[in-house]
Amino acid sequence: MARQDRSIADTFEREHGRLRGFIRRYVPNLADAEDILQEVFFEFVEAARLLKPIEQAGAWLFRVARNRISDRFRRRRFEPGDPPGLAALDADALSLIELLPDPDASPEAAFARFFLLDELDAALDELPEEQRSVFVAHELEGRSFKALSAESGIGINTLLSRKRYAVLFLRRRLQSIHEEIQ
């Protein structure tokens with residue numbers, strides 16, 4: 001047991017900095033990023049305790065982190081008072097994430113997903129600030145349009161419009177890359 005604990009601690013010391021940086025590239029909210037990091041290491045410790053063989057711990061940790069980040073992209077939070085068109089807009093955003101290959105399908109699919117996530121990060125940097133901030137706040141941080149409107153003083157319809165433009169741009173930008181790697 002002491003040997004196993006030492007191995008887990010060594011892996012944590014070796015990988016936690018790189019893994020935290022990787023997660024922060026895709027999850028701008030520090031608290032959410034730390035939650036994902038803890039979930040990943042919890043799963044690692046649980047797998048090690050159950051004596052599941054993990055041959056390449058670093059690769060395993062990054063794969064689990066990518067899956068957790070993808071899960072966060074898929075989550076949707078609706079609040080009472082959100083406009084009726086919000087569900088349709090979220091369906092559009094979800095289709096953007098559906099462009100990403102399933103990381104469990106093959107090593108090639110995992111690489112393609114990683115590559116596309118990097119491209120998503122670059123594409124987000126190309127968006128005008130007002131579109132990027134709405135997209136990140138709603139999609140990555142899970143904040144509602146109602147809360148964003150109350151905080152910023154910008155109308156919900158304007159926020160919806162900004163996100164819609166962001167989604168359309170990202171879909172176009174990532175579609176060509178998606179087709180190249182298939």
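Predicted model: local features only at pLDDT ≥ 70, side-chain atom pairs only at ≥ 80, totals over all residues.

A: F41 is buried, because its relative accessible area is 8%, below the cut-off of 20%. The structure holds 3 aromatic pairs. In one of them, the ring centres of F12 and F41 are 4.8 Å apart and the planes stand at 70 degrees, so the arrangement is edge-to-face. Since F12 belongs to helix α1 and F41 to helix α2 (residues 30-49), this pair ties together parts 29 residues apart in sequence. A further edge-to-face pair joins F22 and F62, with 5.3 Å from centre to centre and 70 degrees between the planes. Here F22 lies in helix α1 and F62 in helix α3 (residues 57-74), so parts 40 residues apart in sequence are tied together. Both F22 and F62 are buried. F12, by contrast, is partly exposed, at a relative accessible area of 32%.

The burial pattern of helix α1 can now be considered as a whole. Its buried residues are Q4, I8, T11, E15, L19, F22, I23 and Y26. In an α-helix there are 3.6 residues a turn, so residues three or four places apart point the same way.

Helix α1 covers residues 2-26, and because each residue should contribute 1.5 Å, its 25 residues should span 36 Å. The end C-alpha atoms are 35 Å apart, which agrees with that expectation. Helix α1 also bends by about 45 degrees at E15, and E15 is one of its buried residues.

Notes
Residues numbered from 1 in each chain as written. Heavy atoms only, no water. Helix = DSSP H or I, 4+ residues; strand = E, 2+ residues; numbered from the N terminus. Expected span 1.5 Å × (residues − 1). Bend = angle between axes of the 7 residues up to and from the residue. Buried < 20%, exposed > 50% of the residue type's maximum accessible area, 1.4 Å probe, protein only. Phe/Tyr/Trp six-rings, centres within 6.5 Å; stacked < 30°, edge-to-face > 60°.
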